[in-house]
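Please read the following points beside the sequence and the structure.

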Amino acid sequence: PWFAPTMSRSSSPSRSATARSAVSYPASYETAGASVPSPKFSETETSQGILAVLEWRPLPIPTALDFALIPDQVRDPGNLGTLLRTAAATGVQAVFLPPGTADAFAPKVVRAGMGAHFRLPVHALSWDEIQARTRGLRVYLAEAGAPLACWDADFRSPLALVLGGEA
């Protein structure tokens, strides 16, 4: 096989018991008689040592959409991943990413999303496309100084919720 990492144990007393088992990668691979430098598989400092390469097919937007999330200009990857994870858990049917929002498929977003990308249609769209997709839905904008408190709003579907304003 082209890739066969070996498992090694670290006896360093400064590392925790859970971090002692680590995957070590050779400095290079031999392929067809040529030495190829070891590729970097992850941007994470302490990767779990698991890699999967899959074909991505975006999930379709439901035709009878009644609950959408629009994270407006959420630029922090961890925040966007957390929003996606929460959206999947609360029954959001689609997430529309307007311009200026982080890339939903950046490594840190995918990691923070913890699998939400596989259960939730996530689509980067222009504001005109978002307006067309949310036609017929009540659109709520989460705003700290709004006259209607979130506790008093009627969040029964059909609705689209616009969140943003990272500090």
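**Notes on the model**

1. Aspartate 154 and arginine 156 join their side chains in a salt bridge, with 2.9 Å from N to O, where a salt bridge is a side-chain nitrogen of Lys or Arg within 4 Å of a carboxyl oxygen of Asp or Glu. This is a predicted model, in which local features need pLDDT of at least 70 and side-chain atom pairs count only at pLDDT 80 or more, while totals for chains, interfaces and linings use all residues. Residues are numbered from 1 along each chain as its sequence is written, and side-chain values use heavy atoms, with hydrogens and water left out.

2. Aspartate 154 also forms a salt bridge with arginine 138, where the closest N and O atoms are 4.0 Å apart. This pair links distant parts of the chain, since aspartate 154 lies in the loop between β8 and β9 and arginine 138 in strand β8, 16 residues apart. Taken together, Arg138, Asp154 and Arg156 are linked in a network of salt bridges. On the scale used here, buried means under 20% relative accessible area, exposed over 50%, and partly exposed in between, with a 1.4 Å probe and protein chains only. Aspartate 154 counts as partly exposed because its relative accessibility is 30%, and arginine 138 is likewise partly exposed at 32%, whereas arginine 156 is exposed with a relative accessible area of 61%.

3. The structure holds three salt bridges. One of them is between the side chains of glutamate 55 and arginine 57, at 3.4 Å from N to O, and both glutamate 55 and arginine 57 are exposed.

4. As for the overall layout, the chain has three helices and nine strands, where helices (H or I, at least four residues) and strands (E, at least two) are DSSP runs numbered from the N terminus. Along the sequence these elements follow the pattern β-β-β-β-β-α-β-α-β-α-β-β. Of the 167 residues of the chain, 25% count as buried.

5. Which residues lie nearest the centre of the second largest pocket? They are Leu141, Ala142, Glu143, Leu148 and Cys150, among the 13 residues that line this pocket. The elements that give two or more residues to its lining are β8 (138-141) and β9 (159-164). A pocket, found on a 1 Å grid over the protein atoms alone with a 1.4 Å probe, is an open set of points with protein on both sides within 12 Å along at least five of seven lines, and lining residues have an atom within 4 Å of a point. The volume of the second largest pocket is about 270 Å³, a volume being the space filled by probe spheres set on the points, which are joined across faces, edges and corners. By class, the lining holds twelve nonpolar, no polar and one charged residues, with Ala, Val, Leu, Ile, Met, Phe, Trp, Tyr, Cys and Pro counted as nonpolar, Asp, Glu, Lys and Arg as charged, and the others, Gly among them, as polar.

6. On the surface, Leu54, Trp56, Phe105, Val110 and Phe118 form a nonpolar patch with about 510 Å² of accessible area together. Patches are made of residues with over 30% relative accessible area and no salt bridge, like charges being joined within 9 Å and nonpolar side chains (Val, Leu, Ile, Met, Phe, Trp, Tyr) within 5 Å; accessible areas come from the Shrake-Rupley method with a 1.4 Å probe, and for residues only the protein chains shown count as cover. Phenylalanine 105 lies in the loop between β6 (94-97) and α2 (107-113), and counts as partly exposed because its relative accessibility is 37%.

7. Some backbone details deserve a look. Most residues other than glycine have a negative phi, and most peptide bonds are trans. Glutamine 73, in the loop between β5 (67-72) and α1, has a positive phi near 55 degrees. Methionine 114 has a positive phi of about 50 degrees; this residue is found in the loop between α2 and β7 (122-124) and is exposed, with a relative accessible area of 60%. A cis peptide bond with omega of about 10 degrees joins serine 157 and proline 158, and proline 158 is in the loop between β8 and β9.
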